[in-house]
Structures are given as structure tokens and as C-alpha cells.
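Hello,

Here is the structure for your set. My notes on it follow below.

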Amino acid sequence: MIWTALLLFHVALILFLILSGRSRSKREPPLDKGIIPWLGHALDFGRDASKFLAKMKMKHGDIFTVRVAGLYVTALLDPNSYDAVLQDSVTLDFTRYAQVLMERIFRLSLPSHNASAEKALMRRHFQGESLTCLNSIMKGNLQSLLLRSETPQDRENWKQDGLFNFCYSLLFRAGYLTLFGAEKNNPNRDSSAIYEEFRKFDGLLTKMARNTLSPEEKRTTSSVRQQLWSLLSLGLHGKKAEDMSWLQSYLQHLQEQGVDEEMQRRAMLLQVWATQGNVGPAAFWLLGFLLTNPDAMNAVKMEFNSLSWQVDSPQHLPLDKLQNTPVFDSVLNETLRLTAAPFITREVLHNTTLRMADGQEYDIRRGDRVCLFPYLSPQMDPEIHKEPEKFKYDRFLNMDGSEKRDFYKGGKRLKYYTMPWGAGKNVCVGRHFAISSIKQFVFTVLTCLDLELCDPDSSMPKVNASRYGFGVLQPMGDLQMRYKLKGTF
Ligand code: HEM
């Protein structure tokens, strides 16, 4: 009897050790596996990653390893040490984890994926003269969606909408028409249908990434994906040639890689997400902060008015006049400081050592992931940004009106004091286009529309905590507002 009990005890112990994984060696970061075998901290991480990582930071400091659904993730939360990760793109790989997500979210597999060729292609199309050209197409599309789509009667009436839907839908459709072209006969209809489907897809994105869809949600995502694939591939034929340059080069690149037609269709959805998924939500937070902070709204309006008084109508303001906008730039920086919350995730290809800014070294194991979360620090770090939870429109302005770039932690001037676009080799390729699109959108809305909150006392909605780690945050609920074209338009 006693032997059976001992045997069972040992079997249970061995099973527990196998299931609960590894132990920490002396040179590794503190290891926190959580109490649930294999799953570890997955539930807390998925529920509210920001809260969870802040709790772990309190417990372990700026670097620690946690177990999440069988994986070991080392979180690094000291911005002074971020370069140790961002500068090492050989050992700490961006592409592999991106491929895992491509497969999980987009059912896309690109085995001969050449990330650097693809990035070079993007750079070519989102910089310099090509960027100027894209910005000008975007301007035309924004204006036609915002200003020219109504009957004269409609134009006089107030319309009500949720601010999130209003911003996301307009920027998504204008961005889609700009980068993916439009069917000649029906530009608005195809972009609206794609937007509607895309919102359903986007709503389930975090669950797809974490593999936590319910059977019902799995059915929905599968049918929405199919629907989007066919809408997007319909759109691939009969486009206007001048709108196709980036898309054409991208498709040609895929064909050269031997990617079949089905995967090309799927790649379109990935590109729609990468190029349209963050801009609308960012514009929502920005306009929301302006509508709930009258001082900020007045400052931005004064800046825009000072630019547009020389032209007969703000619509005719040349784009280069919108370059010098320090107040708007500070508002955008502040908005993204509060709402851009991506994980910068890298897969560890070989055992390596991370050297922190204070000289401390930590060994990291092959097969683990390293994750930076700039939202916690620098962006919400009270040592760097006083009262970090408050929106202060002039936080990134010096007294003389120039851009403020001096921020400190531990007495050291920071290289990274806000990081909405990532940094280093994998910094966002589309950031200049994104900034220009948001600026043009806010400029057009504020100069051409009367826009007000339905309830002047409403405050900004809470964030959807399950989206921490996935780019720009989204609200729980919406902010109701009404708008109409100004009398002069
Ligand atoms: C508010 C809008 C946007 C935000 C906050 C944003 C943020 C980011 C961040 C944080 C990364 C780095 C990810 C990492 O290092 O792990 C990134 C990468 C990237 N972004 Fe954006 N992005 C935005 C809009 C756009 C747009 C409009 C485009 C394209 C037109 C774009 C294209 C890309 C691409 C291609 C990469 C990958 C770069 C690489 O492979 O190295 N993004 N973005």
C-alpha cells in the first residue's frame, strides 16, 4: 500500500515538473511561471496585459520572464536598455513571430517570405516623391468622402454618429481607396462593404492572435475572412492604374517569390490590416481629446486658421503648408503616448546575453520571446511624464513653441521618451503617411465641419483592455457626436 502511494506521489511529482517546465539559472532574469501548469499567466496577460506587466514590474523590476501558454516571454521595461533588443536583429528576430501571427490571423503562409526585400519595396513607395503623391491622392479621397458625397439637402442637416465609427470609417475608406485603388464605377460602395466586414474581423483579432476564439467566433471569423478575401480580390481587377503602384509592385514581388493566387488574395487582407488598422483609431482618440479639452481644441484651431487664411477655402490649402504644425504635432504625440500600446516582440534565435543600461547582464534562452512594452515605460512612466494618465496637449512643446525632445529618467536624457512607431531596424515604414493622413483628416474635419459632442459633459470612453499589445488601443463603447458641413461648403 505504502509503495503504491509512494509510486503515485513520484509519478505526480514528475508530471508536475514536466508540466511546470524549467527553473531559473543564476544569470537569467527573475522567472515567474504562475501557478497554472503550461498556461502560466496566459489568462491575466490576455485580460489586461498592461495591468499584468505593471504588477510584474512592481514584483521583479525592469526585466523578468513569464510563462504564457507554454512559452517563456522575457519582458524588458527599461527604455534606457531598449537598444540592447532593437539593435540586435540577428539574434532577436522580428520575422518569425510575425509569420506565426500571419498564419493564425490571416491563414497566410509565405514560406519564402523575404522580409528585407518587402521592406525595401515599402520604403520606396512610402518615402520621398512617392509619399508626396500618396498624400495628395489621400487628400482627394478624404475630401470626396467627407465633403462631396451628399445631396444639397443633406448638407444642411446635423448627422449623428459615434466618433470612433466616424473616424475609423472615413480614414479606412480613404486609405483603402488611396493604396488599393477603387473600382472605376463604384468607389464608395466597395470601400464601405470592405470596411463593414473589416470591423467584424478587427473585433476578433486579439482572440485570433491568442487562439482563444469560441466555436461560434471561429465560424464567424472564417466566414468574414472568406468574404474579405473575395471582396479584396474582386477589387484587384479593373483598378485605376495610377493608384496601383505600391500594390502592383507588392503583387509582383509575391509572384516572384512563387506565391500562388490564393495566398496573394490572403496577403491583401494582411496589407489592409497593416496599413489601415491603426490610423482610424488614432484619429478617434485625437479628435476625442480635442472635443473634451477646449484649450487644446482652441490651440489647434488657431494653428490651422493661421495656415489657411491666405487661401479662399481650406480645401485648397497646398499640402506643404501643413508641414509646420508644432501644436498639432504635440497633440498627436500626446495622443499616441496615451493610446499606442504595441508589443515589440522578438524571437530569440540563439542563446544570448542582454546587457542592461546599468551594466547588469542577463542570459536569454533560444526559443524564448523578448517583449518590449513602451506603453508602460517610457509612455506612462511618471518619472518621465508627470501625471502620465492626463492628456496635456502641450506636453511635447517647449516654451518657445518648438518641439520638446528632452525627457529624463534616472537623471539620464532619454533616447526613447515615446515610441508609438517602434524603433530601430523595424520602425514603422508607414509612419509619415500615417501622420500626414491623420493631420489632413483632422484639418479637413475642423475647418470644413461643425462638430460637437451630443452631450457636452461626456468624457472619453475607457479603453478595451484586451487590446494592449496590438497597436493603437480601441475604446469600450463610443463617444456620440453630431456634425454638419459648415455653411460655406
Ligand atoms: C497610427 C498608425 C500606425 C502605428 C501606431 C504603427 C505602428 C507600428 C509599429 C509600432 C511598428 C513596429 C513593430 C515592431 O517593431 O515589432 C510598425 C511596423 C510597421 N508598420 Fe506601422 N503603424 C501605423 C501605420 C502604418 C501604416 C499607415 C503603414 C503603411 C502604409 C504601416 C506599415 C508598417 C510596416 C510595413 C511595418 C513593419 C516594418 C518592418 O518590417 O520592419 N504602419 N508600425
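Domain bounds here come from an automatic or database domain assignment. The C-alpha centres of domain 1 and domain 2 lie 32 Å apart. This is a predicted model, where local features need pLDDT of at least 70 and side-chain atom pairs count only at pLDDT 80 or more, while totals for chains, interfaces and linings use all residues. Residues are numbered from 1 along each chain as its sequence is written.

The assignment gives domain 1 as 2–107 + 346–370 and domain 2 as 115–340 + 375–485. Their contact (C-beta atoms, placed from the backbone, within 7 Å) takes 24 residues from domain 1 and 27 residues from domain 2. On the domain 1 side, α2 (42–47), α3 and α5 each supply at least two residues; helices (H or I, at least four residues) and strands (E, at least two) are DSSP runs, numbered from the N terminus. The largest share of that side, 6 residues, comes from α5.

Next, the sheet. An open, mixed sheet is formed by 6 strands in the order β1-β2-β3-β9-β6-β4, with two strands counted as paired if DSSP finds at least two bridges between them. β1 (31–32) and β4 (92–93) stand at the edges with a single partner strand each, so one side of each is left without a neighbour in the sheet. β4 pairs with β6 (residues 344–348) in the antiparallel sense over 2 bridges, and Asp 93 stands opposite Glu 347 in β6.

Helix α5 (residues 95–106) packs on the sheet, touching β4, β6 and β9 (369–372). The direction of α5 makes about 110° with that of β6 (axes are lines fitted to C-alpha atoms, for helices over the stretch in contact, and angles run from 0 to 180 degrees between N-to-C directions).

Regards

Definitions and conventions: Two residues are in contact if their C-beta atoms, placed from the backbone, lie within 7 Å.
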